[in-house]
Amino acid sequence: MSAPDLLLVLVVAVPAAVGAVLVLAGPSRWSAAAGGATLAAAATASVPAVVAGAEVSVPFVAGSRWGLTTSGPAEVLLPTVLVVATLVLVVAGGVPETREPRFTGLMLLFTAAAALTVLATSLPGLLVGWELMGAASYALIGYRYADPGRVASGATAFLTTRAADLGLYLATAAALAGGTDLSLDALAGIEGGWRDVAAGGVLVAALGKAAQLPFSFWLARAMDGPSPVSALLHSAAMVALGGYLLVRLSPLLEATGWAAPTAAWLGAATAVVLGAVALTQTDLKLLLAASTSAQLGFVVLAAGVGATAAGTAHLVAHAAVKALLFLAAGAWLEALGSKRLDVLTGAARRWPALGVLAVAALLALAGLPPLSLWGTKDAVLAAAHAESAALYAAALVATALAAGYAVLALVHLARPVPARPAEQTGRVPRRIPVALAPLALGAVLLGVLALPAVLERLPGRVPADPTWPELVGSSVLVLAVAGATAWLVGRGREAPAPLRPLRAWLHDWLRLETAVHLTVVRPTVRLAEAAARVDDRVLARAVTGAAGATARLAGGSARAGDRVLARAVTGVGTAGLASAHGSDRADAGTHRAVHGVAGALVRGGRAVRRSSASGQLHHYYLQQVALLLLVLVVVSLVVLVGSLR
C-alpha cells in the first residue's frame, strides 16, 4: 500500500477509534484537545491523499468491493468536512458541556461516518457510513438525555431520516437484482426497471437526509441539540451529504429520464418554500435551519440539471457560511441565554470581533456580490436557465427569499444596542472569533470556485456558465430585496392582516410534523394497540392453554416413563455399577464445564434481555451504534490488511 492510500484509510479509522475510546472514557480535561488534534491531523493527512488521488479497495460480499476513493466530489468535500469539524470542536472545547469526553467522542464518530460516506465507492460502504452518521446524530441531538423534550427531538430527527433511509436499502436490492457489482459508478448501467427502482430509492434517502420537502420538519427539531452539533450537522455533514449523494449519483438520475427532473423541481420547491419559512422565523437558530434546507435545495437542483460541479462548489461555500453562523448563534445563546432575534438585537455590536465575522457570513448567505454564495448560486442558476425557463424563475424567487431572510437576521444583530439591552449573563470566549476567522475567510473568498476557469477544474459537469446579463440581473434582484427587507424590518412593519394566517402556517414549518402525526404516527400507534389487544385476548390465551395441555401431557409421559424405565434401569444398573465408578471422575469434570458454559450464557442472556426488553429507544440505538462501529472497524482493518498484501 502506498503512503497516500494508507493515509486515506487512517483518515477514517483513526477518528473512529479515538471517538470510540472517548465515548467510553471517564471524565478528562484533555478530551476536547485530543479530539481537536485528531481531526486536525486527519484534515492535514487528507490533503496529500487527495492530491495523489488515493484509492483503496478489497473484495467484499456479493461480488462487490469495499473501497475508498478521493475522486469525484470527495476531492473537495473530504478536506471540507474535516476542516469544518476541527474548527467546530475547537469552539466546542470552550464550553464545559461540550468538552466532555462523551460529546467529543460522538463528534469524532459522526465525522468519521461522514468521511466514510464521502469516500465510499460502493453501496455497502456507503450504507455503513450513512447509518452510523444517523445513529450518531440521534445521540448528539439528544445529548442532554435528562431532558425528555430534547431526547424526543433526537428521536423525531432519527426516525424521520431513518424512514427515508429505507430507500437506500431498496436501491441496494435493486442493484443486486439488476446484476451490478454494487459499485456507485455502476448504478447508472442497471438494465430495465430495476434502474428506476434504484433511482427512486436513492432520491428518497437523499431528500430525507438533506431535509428537503416533505421531510424538512425534522431539521427544526434538530435545533434542540447543542449548537456545535447544529454547526456540523447543517454545514458539512449529514444534511449536506444528502445533497452530496444526489450530486455523486447524478448519472443515475439522468439515466432514468424522470428522476433528474423530479430532483430539480423538488430542490427548487424546497428552496422557495423553506426560504419563505425562514423569512417568518423569530428564533435565530430556526431561521438558520430553514435556510439550510433552502440552500441545500440549490444543490439538489444542481444535481437534477446535471450541474454537479456547481453543486459541489455550493456545498463547500455553504459549509463555511453555515458553520460560522451556527457557532456564532451558539456563542450568543451562551452569553444572553436566548436565541430570539428580539433578545439578540445589537449582539453584533456588543461583541464586535464575533459580530464582524457573522455579518460577513450573513452577507454571503444573502447572495451579495462578490461573496461566496453569490458566485456558486449563480452557477446553479445558469444551469437551471439552460434547462428550463420555469425552473430558472423558481430559482430566482428562491434567490430573492435568501436575500430577505439573511438581511432579516442581519438587521436585528447589527442594529444599535437598545437603551435597556438584554442582561449579559456570560461572555464570548476569545477562542471563538479566532476559530471562526478561517470560516469567515471562506465565506468571503470561496466564490472563486464559481469562476469558469476554476469551475471547469472541479469534479463534475458544467452545463452552462452564467452570462453577464444573468449575473447583473440576479445581483440587482438581491440588492433590491435586501434594501426592501432592511427598510421594512427597521420600521417594524408587520404582515398585512390577510397574510397573517399564511405567515403563521409558514412560521410553524408548514405544520408538516402535525400532518405526519395525523397520517402516519397515530394510525401506526392505533394499529399497534389493536395488535396488542389481539395478542392479549386471543394469542396469549391460546398459547397459555396450549402450554397447560403440553405440561399435563409431559407430566403423564414422565410418570409412565418412570414406571417402565425404573424396572429396566434397576436390572441394568447392578451390572454396570462397577464400570460406572471408573467414569465418575471424568463425568464430574465434564459436568462442571458444561454448567460453567451454561451459566455464562444465562448471565449474558439476562444482560441482553434487560436492555432489549426495556422498551427504551436509546438502548436499541446504542446497540446499533456499537454494532455499526464494530463493522466499521473490522471492515477498515480488512481493507488495511488486504491492501498491505
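Colleague: Which residues touch the most other members of the largest nonpolar core?

Modeller: This is a predicted model, in which local features need pLDDT of at least 70 and side-chain atom pairs count only at pLDDT 80 or more, while totals for chains, interfaces and linings use all residues. Residues are numbered from 1 along each chain as its sequence is written, and side-chain values use heavy atoms, with hydrogens and water left out. A nonpolar core is a set of buried Ala, Val, Leu, Ile, Met, Phe, Trp, Tyr and Cys residues joined through side-chain atoms within 4.5 Å, where buried means under 20% relative accessible area, exposed over 50% and partly exposed in between, with a 1.4 Å probe and protein chains only. Of the 195 residues in the largest such core, those that touch the most other members are F110, W218, W332, L436 and L439.

Colleague: Which helix gives the largest share of this core?

Modeller: Helices here are DSSP runs of H or I with at least four residues, strands are runs of E with at least two, and both are numbered from the N terminus. The largest share of the core, 20 residues, comes from residues 308-336, that is, from helix α14.

Colleague: Which residues is L439 in contact with, leaving aside its neighbours within four places in sequence?

Modeller: Contact means heavy atoms within 4.5 Å. With the neighbours within four places in sequence set aside, the partners of L439 are V84, L87, A320, A323, L324 and L327.

Colleague: Why does S372 count as buried?

Modeller: S372 is found in helix α17, residues 372-387, and, not counting residues up to four places away in sequence, touches A317, V321, A364, G442, A443, V444, L446 and G447. S372 counts as buried because its relative accessibility is 0%.

Colleague: Why is T514 partly exposed?

Modeller: T514 lies in helix α23, which covers residues 512-612, and, although 297 residues from F217 in sequence, is 9.6 Å from F217 in space, C-alpha to C-alpha. T514 is partly exposed because its relative accessible area is 46%.

Colleague: How many helices and strands does the secondary structure of the chain come to?

Modeller: The chain has 645 residues, of which buried residues make up 51%. Among contacts with a separation of 6 or more, 81% are accounted for by residues 24 or more positions apart. The secondary structure of the chain comes to 24 helices and two strands.
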